Amino acid sequence: DPVETFLNRLHHPVLAGIDLSLDRMHRMLSVLGSPQKRLPPIIHVAGTNGKGSLLAYLQAVFEAAGYSVNRYTSPHLVRFNERIILRGKSIDDAALHRLLNHIAPFLQAQPATFFEATTALAFLAFAEHPADVLLLETGMGGRLDATNVIEKPLLTAITPISFDHTEYLGKTLTAIAGEKAGILKCDIPCIVGKQEAEAENVIEQKAAALNAPLYRYSIEWKISPSPVGGGSGWGHVKTQNNVSPPPGLPPTGGGVFYESPQRTLALTPSLAGKFQYDNAATAVACIDLLPQFAITDAHIAQGLSSAVWPARLQPITRGRYRDMLPPGIDLWLDGGHNPQGGEVLGEWLKEQEKPIYLICGMIRGKEVGAYLKFLAPYAAELHAVAIPGEAQSRKPEEIEKAAAELGMAAYSAASIEKALQTIAQRARTPALICICGSLYLAGKVLTANG
């Protein structure tokens, strides 16, 4: 595959290390004709967890309302093309190859990291393909992230912040939040998802300095088990509580409601896990601040209930791995890989009323114990594996040791297939297997499963 070969060359160590400024990115884009100045209207998203889910919900809502969407996310799961979505479809190989050839000479003269080079490439693609909106996800931090060369987004959004990439972003939540809040822009509204107080304080200070209006979880908007009714608590703006039942609500009632001065709406997220109510609500909060788009409550309900985002509590219902298991053993896949990702997965596992078996692989640099401690109370066994073909993979023995220290019944397996075979022989049905610990592992699973 010529595209893969070229992309592998971008990973070559002689290219460049992390550059703790945006100077290199600005120079490269300037030579390429400043494509970042010719992009569709942008929603720029930073945060530690939930960025991808938020973008998936937003894309589905915009598309339900008839708008065209470009999207940039990372990492990819199966193919690089997934990172660059042009009007709802992954960039094709021909376009990708043409753009790679176009930037190659510039990279010879001006080294860049893989993410800088591919972000410049993405900006060229987005500038060539007009759309109604561009959903732009940061790669790692915010302030010095390669995507942060844009000047005037429609909105910024910050999803929950927790500990990740501490070697680059800082060892404290305050430091990490400072980096993420670096995407805030003068006078541009920012939607703030659920945050620890420490992170929220940093965002509020940064917003005050830039005169950026904040639209915050549980302050300007909230989610609740049932609507308050009558617009109480929202000042002089009346909520639309005369809808009966609100769009998206199953006829039997129940569910979770989003409430803001603009609307009261039942949330119907398509993705599994309670935390997806928060991600879906953050998407609705973004729509609240985009009156220039003709998006109705019905469009929102349709989008939230149809969004697709692989490897986030994804049931695997067919394919090679599914076929290795007897009926009665459910197979799930989750790409969460930091302590907050572990906490979210743990909350979901707690609700499952059957024995749980984990197959876990992780990247070096991730805190294994801090992730696994949330899963330990609910797992019958953990089978540690290496991530196939990944040089940065942790050794299974390291994961096994960390799990054993938490009191888990832990084993190392030679491969994902071997782990599945062992569990299939030992587990009584019904049971549940969850493959977890890394988006890289999730990508390998989706590829191998077919």
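**Cavity, pocket and sheets**

A: Helix H12 (residues 339-350) gives the largest share of the lining of the largest cavity, namely three residues; helices here are DSSP runs (H or I) of at least four residues and strands (E) runs of at least two, numbered from the N terminus. This is a predicted model, in which local features need pLDDT of at least 70 and side-chain atom pairs count only at pLDDT 80 or more, while totals for chains, interfaces and linings use all residues. Residues are numbered from 1 along each chain as its sequence is written, and side-chain values use heavy atoms, with hydrogens and water left out.

Q: Which residues line the largest cavity, and what volume does it have?
A: Its lining consists of Lys274, Phe275, Val344, Glu347, Trp348 and Glu351, and its volume is about 30 Å³. On a 1 Å grid over the protein atoms alone, a cavity is a set of points where a 1.4 Å probe fits but cannot get out, whereas a pocket is an open set with protein on both sides within 12 Å along at least five of seven lines, and lining residues have an atom within 4 Å of a point. Grid points are joined across faces, edges and corners, and a volume is the space filled by probe spheres set on the points.

Q: How many cavities of 30 Å³ or more turn up in the whole structure?
A: The search finds one of 30 Å³ or more.

Q: And the second largest pocket, what is its volume?
A: That pocket has a volume of about 370 Å³. It is lined by 21 residues, of which Arg71, Ile85, Val308, Trp309 and Pro310 are the closest to its centre. Helix H3 (51-64) and helix H16 (439-449) are the elements that give two or more residues to this lining, and H3 provides the largest share, four residues.

Q: Switching to strands, in what order do the eight strands of the open sheet run?
A: The order is S4-S3-S2-S5-S1-S6-S7-S8, with mixed pairing; two strands pair if DSSP finds at least two bridges between them. Strand S4 (89-90) and strand S8 (214-216) are the edges, each pairing on one side only.

Q: What does S5 pair with, and which way do the strands run?
A: Strand S1 (residues 42-46) runs parallel to strand S5 (residues 133-137) and is joined to it by four bridges, with Ile43 opposite Leu135. Strand S2 (residues 69-72) also runs parallel to S5 and is joined to it by four bridges, with Asn70 opposite Leu134.

Q: What lies across S6, S7 and S8?
A: Helix H8 (residues 197-210) lies across strand S6 (155-158), strand S7 (190-192) and S8, and runs at about 160° to S8. Helix H9 (residues 275-288) packs on the sheet as well, touching S6, S7 and S8, and its direction makes about 155° with that of S7. Axes are lines fitted to C-alpha atoms, for helices over the stretch in contact, and angles run from 0 to 180 degrees between N-to-C directions; contact means heavy atoms within 4.5 Å.

Q: Where is Thr73, and why does it count as buried?
A: Thr73 is in the loop between S2 and strand S3 (84-86), and it counts as buried because its relative accessibility is 4%. Apart from neighbours within four places in sequence, Thr73 is in contact with Leu55, Glu82, Arg83, Glu137 and Trp309.

Q: Last one, what pairs with S13?
A: Strand S12 (residues 314-315) and S13 pair in the antiparallel sense over two bridges, with Pro315 opposite Trp332. Strand S17 (residues 431-436) runs parallel to S13 and is joined to it by five bridges, and Ala431 is the bridge partner of Ile329. Strand S13 (residues 329-333) has four of its five residues buried.

Definitions and conventions
Buried means under 20% relative accessible area, exposed over 50%, partly exposed in between (1.4 Å probe, protein chains only).
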